[in-house]
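Have the model open beside you as you read.

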Amino acid sequence: MLKYFVLSVLALLIYACAQDPGKEQVAIEEVNLDGENVEASDIEAKKLSELGFFKSPMNKLEPAEGVVPYDLATPLFSDYAFKARFVKLPEGKMAKYHPTETMDFPEGTILIKNFYYPADFRKPEGERRILETRLLINEGEEWKAEAYVWNEEQTEAYLEIAGERINISWVHYNGVEKQLNYSVPTQNQCKGCHSKSNKMMPIGPTSRQLNKQFDYADVSANQLKYWSENGLLAGLHQNISELDAVPLWDDPESGNLEQRARAYLDINCAHCHRAEGPANTSGFFLDYYQKRKTALGIYKSPIAAGRGSGGLKYDIHPGKPDSSILYFRMISEDPGIMMPELGKKMVHTEGVELIRKWIAQMN
């Protein structure tokens, strides 16, 4: 009955607009019977190709003029998906340098993140399947998220605002085949992670994450230096060697165990577990510059974890990962317990092992 009532209301609204086209058009909501409303006025380009980010053939992800590739030193884990990142700034505009937070991007900036799986992880440059392209669009006061889902032919991606499920399989690093029912998030789910002080914001492109070497089409250069010298970034007056740079979480040569563990927690957890994040009531803050041991969870009792605590006493119990709530929730696949809550269906075995070692070596 609800479905027919909604359709009747929509029909009346469309009829009313048709009778008086001189009035300002009212945004009509498309009803998602799964419980989320989507504004039709939010829908812009139906096809990714209409936006002109990539040269033809589009699935090579070769950036068009004005679209700049970038990478993060330690990327966020998303069910083992590989990512190809790009940024498009408005013509004549620059981002502003910030020492600790994401760069201050001008209105009109678009961050472009492509999620893909190589057929064989041991051959990452070989055959692959792109599943989605997510956009973060700076609209001034806040950012807006849009997701484009790629077809099986890998010739086009289509706007999907209500989420999607895609079956994918690959050969893992150890030669074992893995399968996954991959989830493309809805617009509302994107807000669950990209929320800072109740506003949607980017997570990854901070100075410490961008401060690394990157192979561009014509040169290999430090990303911060490249952005500054090519009119993408203003306000970078310090020497690059004096700036913070997070290590690669799984590369022991890039940093010690604690540095790599903190880098991993910073990108995977701290967008929520920080004073300005959705998990601020937990008192458990994992941002890279957090120095207070209690805020980091060391000998800290949970405030409102519920059954997510697993009956354990401390968020981090030094020397005892199996008695630490952080580790317990990271290895869980129970939706009511696991952390992170979104963007994860599989346990990141290698990342969890890093955190286990970090907790185990604590005095």
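## Salt bridges and a helix crossing

Glu146 and Lys144 are both buried. Their side chains meet in a salt bridge, with N and O 3.3 Å apart. Keep in mind that this is a predicted model.

How many salt bridges does the structure hold? There are 11, and the table lists some of them.

| Pair | N to O distance |
|---|---|
| Glu146 and Lys144 | 3.3 Å |
| Glu276 and Arg274 | 2.7 Å |
| Arg85 and Asp71 | 3.5 Å |

In the pair of Glu276 and Arg274, Glu276 is partly exposed at 32% relative accessibility, whereas Arg274 is buried at 16%. Salt bridges with shared partners also join Asp71, Arg85 and Lys212 into one network.

Arg85 is buried, at 6% relative accessible area, and Asp71 is partly exposed, at 23%.

Now for the helices. The axes of helix 5 (residues 257-268) and helix 7 (residues 349-360) come within 9 Å and cross at roughly 130°, which means that helix 5 is oblique to helix 7. The crossing is left-handed. Among the residues making the contact are Leu257, Arg260 and Tyr264 of helix 5, and Leu354, Ile355 and Trp358 of helix 7. By type, the contact residues divide into 7 nonpolar, 1 polar and 4 charged.

Conventions
Residues are numbered from 1 along each chain as its sequence is written. This is a predicted model: local features need pLDDT of at least 70, side-chain atom pairs count only at pLDDT 80 or more; totals for chains, interfaces and linings use all residues. Side-chain values use heavy atoms; hydrogens and water are left out. Axes are lines fitted to C-alpha atoms, for helices over the stretch in contact, and angles run from 0 to 180 degrees between N-to-C directions. Helices (H or I, at least four residues) and strands (E, at least two) are DSSP runs, numbered from the N terminus. Angles under 35 degrees count as roughly parallel, over 145 as roughly antiparallel, 65 to 115 as roughly perpendicular and the rest as oblique. A crossing is left-handed if the near helix is turned anticlockwise from the far one by less than a right angle, and right-handed if clockwise. Contact means heavy atoms within 4.5 Å. Ala, Val, Leu, Ile, Met, Phe, Trp, Tyr, Cys and Pro count as nonpolar, Asp, Glu, Lys and Arg as charged, and the others, Gly among them, as polar. A salt bridge is a side-chain nitrogen of Lys or Arg within 4 Å of a carboxyl oxygen of Asp or Glu. Buried means under 20% relative accessible area, exposed over 50%, partly exposed in between (1.4 Å probe, protein chains only).
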